Amino acid sequence: MKLNEIAKNLGLKCDSNIEITALNSLLDANENQLTFFENKKYLHDLAKTKAAAVFIREEFVKELPSNTIALVCEEPYLTLAYASKFFAPKIVEEEGSECVIGNNTKILPNVYLGKNSSIGSNCTIMSGVYIGDNVTIGDNVTIYANVSVYRDCKIGSDCIIHAGTVIGSDGFGFAHTKDGQYIKIYQNGNVIIGNRVEIGANTAIDRAVFKSTIIEDGVIIDNLVHIAHNCRIGHGSILVAQVGLSGSTILNEYVVMGGQSGTSGHLEIAPFTTIAARGGVTKSITTPKKQWAGFPLFEHKEWLKLQGKIARLLKK
Amino acid sequence: MKLNEIAKNLGLKCDSNIEITALNSLLDANENQLTFFENKKYLHDLAKTKAAAVFIREEFVKELPSNTIALVCEEPYLTLAYASKFFAPKIVEEEGSECVIGNNTKILPNVYLGKNSSIGSNCTIMSGVYIGDNVTIGDNVTIYANVSVYRDCKIGSDCIIHAGTVIGSDGFGFAHTKDGQYIKIYQNGNVIIGNRVEIGANTAIDRAVFKSTIIEDGVIIDNLVHIAHNCRIGHGSILVAQVGLSGSTILNEYVVMGGQSGTSGHLEIAPFTTIAARGGVTKSITTPKKQWAGFPLFEHKEWLKLQGKIARLLKK
Amino acid sequence: MKLNEIAKNLGLKCDSNIEITALNSLLDANENQLTFFENKKYLHDLAKTKAAAVFIREEFVKELPSNTIALVCEEPYLTLAYASKFFAPKIVEEEGSECVIGNNTKILPNVYLGKNSSIGSNCTIMSGVYIGDNVTIGDNVTIYANVSVYRDCKIGSDCIIHAGTVIGSDGFGFAHTKDGQYIKIYQNGNVIIGNRVEIGANTAIDRAVFKSTIIEDGVIIDNLVHIAHNCRIGHGSILVAQVGLSGSTILNEYVVMGGQSGTSGHLEIAPFTTIAARGGVTKSITTPKKQWAGFPLFEHKEWLKLQGKIARLLKK
């Protein structure tokens with residue numbers, strides 16, 4: 001879509017007819033992508049952006065790099081939300097090639113296979129599975145009954161996905177208008193799952209708003225886990241049942257999240273960290289190989305000590 | 001069903017042949033409905049009931065309004081449970097008209113469409129979706145794969161429902177006999193969802209025991225959320241992933257429930273309240289626009305202060 | 001499979017050609033089964049084992065009963081993981097008899113019925129349900145849309161299973177190699193559900209690694225509950241929404257687990273125990289009929305007192 005067309009649709013001014021291929025974040029956008037600047041906290045990212053154009057308030061235009069075009073507006077994030085719809089792919093493709101299916105792959109009845117998708121060799125796809133358009137699945141993958149894989153997602157080889165799990169549902173992203181209406185930010189990214197990943201039953205992994213939610217090789221995920229948009233789960237990490245990860249959480253390799261633990265968004269957890277069951281992580285953890293517990297979070301040893309002291313209150 | 005027939009089936013005495021159309025609560029029951037009185041706490045509701053009849057213990061009959069018939073029994077709640085079965089609709093209708101489908105609505109393969117249901121215009125219903133009998137769905141609605149919508153539920157326009165979500169499953173309602181058997185209270189209500197509602201993946205919204213579980217316009221619900229029977233979610237409210245609401249919780253407009261937060265049943269939360277992640281609400285919140293956290297719940301500022309004091313215990 | 005064949009496949013030495021029918025735990029294995037010994041804590045179980053053979057480290061061979069054969073290896077648990085694959089049944093049977101269906105049982109369209117399975121009389125199986133191979137279902141059972149029942153599971157009579165629930169998914173069992181790869185322990189057990197059990201929507205019940213995960217008669221389970229492998233839920237127990245039970249948790253009869261409560265694994269809870277909402281059980285509870293709350297767990301009265309004292313900290 002041409003930039004001037006986008007601007008016109010949003011009631012903004014812009015002459016440039018550069019072709020915009022996608023929306024993206026300040027730091028990730030390239031010279032054919034459009035981004036937004038809302039929060040002053042990211043001022044020094046703004047200076048570094050390579051985006052073709054940016055939704056921005058008048059007052060910050062002077063901070064823009066010289067080769068990035070300003071699309072001046074009052075509410076950049078809200079404007080982004082409106083623009084995200086222009087880049088949303090079709091919900092269901094009507095045209096395209098039939099799904100390619102590898103040797104010895106067994107597809108049970110009542111499976112939906114989208115357009116332009118492919119499934120490797122030696123896979124089993126059980127009844128009730130939905131494979132959206134433009135999905136790629138590797139070899140030796142078992143997908144149990146009633147799993148839903150949304151369009152554009154990618155699954156590696158040697159994976160097992162248990163029944164009822166959803167991969168690629170929309171991330172939870174909304175802007176709001178001054179009169180309190182929520183405007184959906186279309187989630188135009190996808191989910192990429194590596195090799196040797198096992199995912200339990202009735203888990204939900206949201207697609208990215210831009211780019212990809214990533215589950216790296218060798219990750220193990222239990223039942224009823226929630227993974228929000230744009231998370232990255234480092235290889236060898238383990239997520240026990242009912243864990244909830246907020247948006248853009250990064251787990252480095254071999255992180256263990258105990259049952260019912262969770263994270264706030266936009267934080268990073270160092271390699272080989274263990275979070276005990278119910279632990280609630282609200283800040284990044286930078287030192288590797290430590291064990292944490294509680295909410296608020298303490299080092300596990302400290303948490304045990306603290307619980308001892310709290311229990312002693314009872315006797316006072 | 002005639003009242004004397006109901007009484008006879010339950011081994012109770014009653015001569016009236018008034019037609020009873022439904023069960024309902026003390027305050028909501030009308031002159032063709034049957035209710036029950038179990039808990040003294042509701043004595044002044046009993047005085048106000050407009051019900052045709054009430055399951056009631058002998059000792060409280062004198063408190064009844066003159067135009068309400070007493071069905072005297074030893075265990076009114078248990079008796080209600082037995083009676084609820086008489087009013088349960090068929091699990092699956094065999095007769096009725098075919099589902100009406102609006103213009104430009106796309107129904108993918110392997111979708112079940114119940115009798116006497118209707119789907120509006122410009123909708124997409126993906127593979128594996130189950131639409132029960134007597135369901136109404138508005139215009140511009142997208143229902144992703146493997147969603148189940150139970151009979152009698154209503155969904156407005158401009159809604160998005162993500163894969164694997166269940167709407168209208170039975171609420172958790174049981175009476176028990178003296179020897180410890182649970183008797184199901186048939187959940188004969190429904191779920192009503194307004195306009196511009198988005199619901200995430202693998203969420204579960206239970207139907208009401210009587211009347212309706214209500215999700216008002218503009219509500220946004222994330223993945224793996226539990227909404228129990230007879231909740232009412234006020235317009236513009238936001239429920240983040242893994243929230244759990246107990247039965248008959250009322251959220252007024254623009255309430256935000258953070259991830260993994262929850263409520264006890266039968267309480268009401270004032271407009272524009274924010275509950276932080278993991279917050280546990282056990283009493284009604286009557287002052288609007290406040291922020292709360294923790295379990296037990298404190299005002300957010302107080303909770304932060306308290307956590308500071310608790311942390312200081314460690315150093316003692 | 002012959003024991004010497006198993007040994008050969010794993011690079012171990014063994015002459016015996018005794019037929020091994022299954023893997024099992026130290027105490028449960030019989031004279032045709034193979035077990036493992038990894039943890040010294042179970043030394044006195046080792047002395048009592050009736051297993052045909054055991055994966056064991058050299059140093060403990062002397063502790064073995066005389067009629068049990070040692071399969072000496074460096075990493076018994078890891079070796080068991082490799083061996084578990086030899087005993088995994090087919091993911092989908094291609095041969096076998098068609099599912100037997102009782103009188104007055106209604107099967108809606110788009111249902112998958114596995115080989116050698118049977119469904120009793122007066123059942124309703126809704127659209128999108130997956131019934132794997134060798135599944136047995138009793139009489140008067142209603143299974144709502146998009147439920148998945150994995151192979152070999154058994155469901156009694158008079159049960160209701162709500163939409164989206166998964167029964168028999170793999171338990172979360174993995175050994176790891178020295179270089180950090182996870183090796184799946186194939187979950188070759190099943191789930192057995194008794195009579196008069198009701199299970200809510202989008203719940204997940206894992207199959208046992210050996211033997212059975214058991215849900216006894218009259219149990220009621222709400223929405224979005226996680227029950228890990230090898231749990232046993234005693235009759236009349238109630239699990240409220242979003243409860244999570246870790247592996248091998250035993251609930252005796254009439255235990256009530258409040259919403260969002262959970263347990264660590266390998267523990268037992270006494271009859272008629274009540275765990276309040278959010279309670280976290282980390283040790284066995286041996287005295288019946290008590291009420292508990294909090295995490296760490298306290299007797300409910302004590303927990304309330306403690307919360308009062310904690311709140312008072314704020315005023316200091």
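The following legends describe close-up views of a predicted model.

**View 1**
Helix H3 of chain A spans residues 76–84. Seven of its nine residues are buried, so the helix is largely enclosed by the rest of the structure. The buried positions are A:Pro76, A:Leu78, A:Thr79, A:Leu80, A:Ala81, A:Ala83 and A:Ser84. Several strands of chain A are included in what covers these buried residues: S1 (22–23), S2 (33–36), S3 (53–56), S17 (174–176) and S18 (182–184).

**View 2. The annotated position A:His229.**
An unreviewed UniProt entry carries the annotation "active site" for A:His229. This residue lies in the loop of chain A between strand S24 (226–227) and strand S25 (232–233). The relative accessible area of A:His229 is 14%, and the residue counts as buried because this value is under 20%. When neighbours within four places in sequence are left aside, the contacts of A:His229 are A:Gly171, A:Phe172, A:Gly173, A:Gln187, A:Asp206, A:Arg207, A:Ala208, A:Val209, A:Thr213, A:Gly247 and A:Ser248.

**View 3. The relation between chain A and chain B.**

**View 4. The interface of chain A and chain B.**
On the side of chain A, 49 residues are in contact with 42 residues of chain B. The size of an interface is often given as the accessible area lost when the parts come together. Chain A and chain B bury about 3400 Å² between them, and 62% of this area is on carbon and sulfur atoms.

**View 5. Polar pairs and contributing elements at the interface.**
Two salt bridges are found across the interface of chain A and chain B. One of the salt bridges joins the side chains of A:Lys184 and B:Glu198, with an N to O distance of 2.8 Å. Between chain A and chain B, 22 residue pairs are in polar contact, both residues being at pLDDT 80 or more. Strand S16 (166–169), strand S18, strand S21 (204–206) and helix H4 (300–313) of chain A each supply at least two residues of the side that touches chain B. Helix H4 of chain A gives the most to that side, with six residues.

Terms used: Residues are numbered from 1 along each chain as its sequence is written. Chains are lettered from A and ligands numbered from 1 in the order in which they are written. This is a predicted model: local features need pLDDT of at least 70, side-chain atom pairs count only at pLDDT 80 or more; totals for chains, interfaces and linings use all residues. Side-chain values use heavy atoms; hydrogens and water are left out. Buried means under 20% relative accessible area, exposed over 50%, partly exposed in between (1.4 Å probe, protein chains only). Helices (H or I, at least four residues) and strands (E, at least two) are DSSP runs, numbered from the N terminus. Contact means heavy atoms within 4.5 Å. UniProt positions are given in the numbering used here, feature names are shortened, and annotations may be inferred rather than shown by experiment. Buried area is the accessible area (1.4 Å probe) that two parts lose on being put together, summed over both. A salt bridge is a side-chain nitrogen of Lys or Arg within 4 Å of a carboxyl oxygen of Asp or Glu. A polar contact is a pair of N or O atoms within 3.5 Å; within protein, one must be able to donate a hydrogen and the other to accept it, and residues adjacent in sequence count only if both atoms are side-chain atoms.
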